[in-house]
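Q: Can you walk me through this one? I'd like the overall picture, then some details.

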Amino acid sequence: MAALDRSALAERYHAVKAGLPAHVTLVAVSKTRSVEEIRALYDLGHRAFGENYPQELREKVPQLPPDIQWHFIGHLQRSNVKHVLPFAHLIHGVDGPRLLEEIEKRANASAKTVDVLLQIHVAQEETKHGFAPDEVLELLREQDPTERWPHVRICGLMGMATNTDDRALISAEFNMMNELYRKVMAGDLLPASRFNTLSMGMSGDAELAIQAGSTLVRIGTAIFGERA
């Protein structure tokens, strides 16, 4: 493995940070990145990292400082909830009622409250997961979420745009996300004090996401560089 170029990492990181408004949270996507790379970014003052795979997350956590905020940003299967819950500061990809129920069950058994984002399907690709916009509104209106899932805090929405060079399409999808986010807020469907995150935007489309109202971006390659 090539030696880590810490100065290049610092240069990329500071360039990304400089391009973000103060109200936008940066999650550094560290999936498949080494403990050394994560530690180097940590030493620059960064604390929020995003992982996609439960086993990789479990292996990295004990090797790194305890004040890291681990975001689970991958597709989460119900069978893996028990492996992710002890470590996740925020679970981004809650894509259906059955996963919500599983998180509630596991959180209740652990006597803890888990922060999550509901994943919305707005992209053209069928391979992407998530609630349909109307489905999530219906779910939240059906029963008070704080009563139905007392150990789950729904903190916002997450979505990914279509993987395309069509910037107009990407912007339209992000604007759909923002519209749904505002509908949930306007409808008082969740406590305003905790429903405050709109997670959308990655290395290739973060600028468009922020223009559409994103409050959290997930950026990996623009910080860590291309994978070997």
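What follows is a short chat about the fold, its helices and strands, and a few single residues.

Q: What kind of model is this, predicted or experimental?
A: This is a predicted model.

Q: OK. How many helices and strands does the protein have?
A: Ten helices and eight strands. The radius of gyration is 17 Å, close to the 17 Å that the globule rule gives for 228 residues, so the protein is as compact as a globular protein of that length.

Q: And what does the C-alpha trace span along its principal axes?
A: About 55 × 45 × 30 Å.

Q: How much of the protein is buried?
A: Buried residues make up 51% of the 228 residues. The accessible surface comes to about 10,900 Å². Carbon and sulfur atoms hold 48% of that surface.

Q: What about contacts between residues 24 or more positions apart?
A: Take the contacts with a separation of 6 or more. Residues 24 or more positions apart account for 58% of them.

Q: Let's go to H1. What should its 13 residues span, and what do they span in the model?
A: H1 covers residues 6-18. At 1.5 Å a residue it should span 18 Å, and its end C-alpha atoms are 18 Å apart, so the two agree.

Q: Which residues of H1 are buried?
A: Ala8, Leu9, Ala10, Tyr13 and Val16.

Q: Then H2. Which residues are buried there?
A: Glu37, Ile38, Ala40, Leu41 and Tyr42 are buried in H2. Their cover includes H1, S1, S2, H3, S3 and H10.

Q: What comes just after H2?
A: Gly45, with a positive phi of about 105 degrees.

Q: Which residues have a positive phi without being a glycine?
A: Thr32 is one of them, at about 65 degrees. Asp188 has a positive phi too, of about 50 degrees. As background, most residues other than glycine have a negative phi.

Q: Where do they sit?
A: Thr32 is in the loop between S1 and H2. Asp188 is in the loop between H8 (167-186) and S7 (197-199).

Q: Is Thr32 buried, exposed or partly exposed? And Asp188?
A: Thr32 is partly exposed, with a relative accessible area of 47%. Asp188 is exposed, because its relative accessible area of 66% is over the 50% cut-off.

Q: Switching to strands. How do S2 and S3 pair?
A: In the parallel sense, over four bridges. S2 is residues 48-51 and S3 is residues 69-72. Phe49 stands opposite Trp70 in S3.

Q: What unit do S2 and S3 make with H3?
A: A right-handed β-α-β unit, with H3 at residues 54-60.

Q: And how does S3 pair with S4?
A: Also in the parallel sense, over three bridges. S4 is residues 88-94. Trp70 stands opposite Ala88 in S4. Trp70 also stands opposite Phe49.

Q: Last one. Where does Lys82 lie?
A: In H4, residues 81-84. Lys82 counts as partly exposed, at 39% relative accessibility.

Q: How far is Lys82 from Leu198?
A: Their C-alpha atoms are separated by 25 Å. Along the chain the two are 116 residues apart.

Methods:
Residues are numbered from 1 along each chain as its sequence is written. This is a predicted model: local features need pLDDT of at least 70, side-chain atom pairs count only at pLDDT 80 or more; totals for chains, interfaces and linings use all residues. Side-chain values use heavy atoms; hydrogens and water are left out. Helices (H or I, at least four residues) and strands (E, at least two) are DSSP runs, numbered from the N terminus. The expected span of a helix is 1.5 Å times one less than its number of residues. Buried means under 20% relative accessible area, exposed over 50%, partly exposed in between (1.4 Å probe, protein chains only). Two strands pair if DSSP finds at least two bridges between them. A crossover is right-handed if, with the strands pointing away from the viewer, the path from the first strand over the helix to the second runs clockwise. Contact means heavy atoms within 4.5 Å. The radius of gyration is taken over C-alpha atoms; the globule rule is 2.2 Å times the number of residues to the power 0.38. Accessible areas come from the Shrake-Rupley method with a 1.4 Å probe; for residues, only the protein chains shown count as cover.
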